[in-house]
Amino acid sequence: MLRVNWNYIKLIVLLGVVVFLFAFASGRNANRNISKPHVKFIGENNLLITNETVSKLLIQNYGGVKNVPKETLVLNELEKALKSNPMIKTAEVYVAVNGKLNAEIEQKTPIARVSTNASYYIDDEGSSMPLSKNYSARVPLVTGYVEKNNLKKVFKIARKINKDEFLKKHVFEIHQDINMNLYLRLRKCDFIVQLGDGEFLDKKINNLKAFYKQNQKNNTLNKYSQVNLQFENQVICTKI
């Protein structure tokens, strides 16, 4: 007489129930509609791009995203669409278990503002980015002869200013002449600082700091019209 192994049958039935419940839950989760996008900005608090703009980008790139089933949502495409915005550095898009669409955004960081025949920011990676209607960054102005596709020298000094507390406090203008020589203007000072071609920049900045400190102590900063630092080991001053 054939004996039935009930334990084996119970195990098969139990596995079947588990598979059915998993498939059912996965189906419901996949078909759950996406809610209104939730946008979180990482890093800088001053928003160059608004929450509403990011939400609009998401919706435009997935037509009424809040009504789209999760299984049809292509997150990589949404991230790609967000990154195409010139204000956005990185973007991560994901859907929570409850169906909420989330976007974590890192903005680009402007470190200088070009103000010539065109106006735009230079970001901390050396690329151009448009001005924002939402917020105006307090960064040095760049004037003179500046080409959008050749920002290397201007970016070099702008990055140095952004990372140096003394320069960040005092420098309000970077000027580049037609020969690609660089000049700085400092707040509350009448003189112009001539840097030359931008080589040996660390040494030149140290010389500037020493000059400024000494003449501030002697109350003689207003007696000069130019401070020439283009030679690595010299500070040549022109009196008014």
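Colleague: Which residues touch the most other members in the largest nonpolar core?

Modeller: In soluble globular proteins, nonpolar side chains tend to be buried together. Here I157, I174, L184, L186, F191, V193 and L195 touch the most other members of the largest nonpolar core, which has 33 residues. Such a core is a set of buried Ala, Val, Leu, Ile, Met, Phe, Trp, Tyr and Cys residues joined through side-chain atoms within 4.5 Å; buried means under 20% relative accessible area with a 1.4 Å probe, protein chains only. The model is predicted: local features need pLDDT of at least 70 and side-chain atom pairs pLDDT 80 or more, whereas totals for chains, interfaces and linings use all residues. Residues are numbered from 1 along each chain as its sequence is written, and side-chain values use heavy atoms, without hydrogens and water.

Colleague: Which residues does L186 touch?

Modeller: Leaving aside residues up to four places away in sequence, L186 touches H170, V171, F172, F191, V193 and Y212 (contact means heavy atoms within 4.5 Å). A second, separate core has 20 residues, including L48, L58, I88 and A91.

Colleague: How many aromatic pairs are there?

Modeller: A pair of aromatic rings is described by the distance of the centres and the angle of the planes. Rings of Phe, Tyr and Trp (its six-membered ring) pair if their centres lie within 6.5 Å; planes under 30 degrees apart count as stacked, over 60 as edge-to-face and the rest as tilted. The count is three aromatic pairs. One of them, F166 with Y212, is edge-to-face, at 5.3 Å centre to centre and 80° between the planes. Both F166 and Y212 are buried.

Methods:
Buried means under 20% relative accessible area, exposed over 50%, partly exposed in between (1.4 Å probe, protein chains only).
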